[in-house]
Amino acid sequence: MTHSAYNLTNTTIATMDPDISGPYGLLQHTVITVENGGIGWVGAPDGLPERYKTLPRHDMNGRLITPSLIDCHTHIVAGGNRSKEFEMRLQGASYEEIARAGGGIISTVKATRAASEADLLAEALPRVDALIAEGTGIIEVKSGYGLDIETELKMLRVARRIGGVRPIRVRSTFLGAHAVPPEFSGEADAYIDQVCIPALRAAHAEGLVDAVDGFCEGIAFSPSQIARVFDVAVALGLPVKLHAEQLSNLGGAKMAAAYGALSADHIEYLDPSGVRALAAAKTVAVILPGAFYTLRERQKPPIDALREHGVAMAVATDCNPGSSPISSLLLSMNMACTLFGMTPEEALAGTTRNAARALGLHDSGMVKAGLRADLAVWNVKHPAELSYRIGFNALETRIFRGKL
């Protein structure tokens, strides 16, 4: 044993382990042994292995412990903000109208291109800190506001730097196929060939990419255009995921499922055949209520159909300057329940176990021996409280890689 080993005693644990019967995989009056950044043992006090009995003990006074939360879809690195567009939407302009008028993603592209790496990091960290303060231990960060090779790489470098200056694990996703930049207006295919794919290859060569994403929508790219990017990702050995069926149904989710995508995200317009495709591919459906709320959409994701077909559902903030300026995963959980009818247990699974799956992580998302000791300790009596409260943070403390 080393000084990094200890026992958390007198705990209530929402393990989120489906192998443990009952809602939340809930265990009462239990002990968690943490050693060398991982979970060594979980169980009743009288079953504690002899080798762990002499370790230091930290009495949790019955507090709830969950896996650290995971935000599996963010655009947290970005320049500027789009508060003006917020005002425009309130006056009746639609997301597509704003985008076609040169706003939307393109306005953030201009600000991001003009910002230095130091500027982007400084703008991102307050948002990251807000997530950490709510018990988040892992975030995914996408590029996609550069739309040129230099700025896409700049964004991914900043994403990597976040994990070096904050106690949080970062997964970086290449999203070069996010929008067509003004200099390629009307030439989406040329942009894919001349910028997006070369940027992906350069980012991979620099070790900056954990997954590849795209925006499959009428205002962005068609399934066939995204498929060309995905073909390169597969050749590079990178997993894929997709913004799909957010504003219309182009069949992007089915296409992503055919590539064995980690996740299909948004999916408000997903049809029954798309649901079946996700189920067959074991692709996670990432539910993003923040964008639905901010854009005042009416088409809800098909939660009942996803549930019926056994599609794992994750929940994320979609933190971005335009369509989801939210940096609270707890609020996103509440919205998923209130707006879409998910249960509090589904919301917590969506920000732990299923969010880990959406990032291709097999060492996180549950309180289970052999996984990382990334944990959140809450001042609540029942895990449903995490989704129930609005604007209230019940976090007592967070454990990251075993450090209390």
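User: How do the residues of the lining of the second largest pocket divide into nonpolar, polar and charged?
Analyst: They divide into nine nonpolar, five polar and one charged. Ala, Val, Leu, Ile, Met, Phe, Trp, Tyr, Cys and Pro count as nonpolar, Asp, Glu, Lys and Arg as charged, and the others, Gly among them, as polar. This is a predicted model, in which local features need pLDDT of at least 70, side-chain atom pairs count only at pLDDT 80 or more, and totals for chains, interfaces and linings use all residues. Residues are numbered from 1 along each chain as its sequence is written, and side-chain values use heavy atoms, with hydrogens and water left out.

User: Which element gives the most to that lining of the second largest pocket?
Analyst: Helix α2 does, with three residues.

User: Turning to Ala-256, where is its place?
Analyst: Ala-256 is in helix α8, residues 252-258. Helices are DSSP runs (H or I, at least four residues), numbered from the N terminus.

User: Is Ala-256 buried or exposed?
Analyst: Ala-256 is buried, because its relative accessible area is 0%; buried means under 20%, exposed over 50%, and partly exposed in between, with a 1.4 Å probe and protein chains only.

User: What is Ala-256 in contact with, leaving aside neighbours within four places in sequence?
Analyst: Phe-230, Leu-242 and Ala-261 are its contacts, meaning heavy atoms within 4.5 Å.

User: How far apart in space are Ala-256 and His-243?
Analyst: They are 9.5 Å apart, C-alpha to C-alpha, and 13 residues apart in sequence.

How values were computed: Helices (H or I, at least four residues) and strands (E, at least two) are DSSP runs, numbered from the N terminus.
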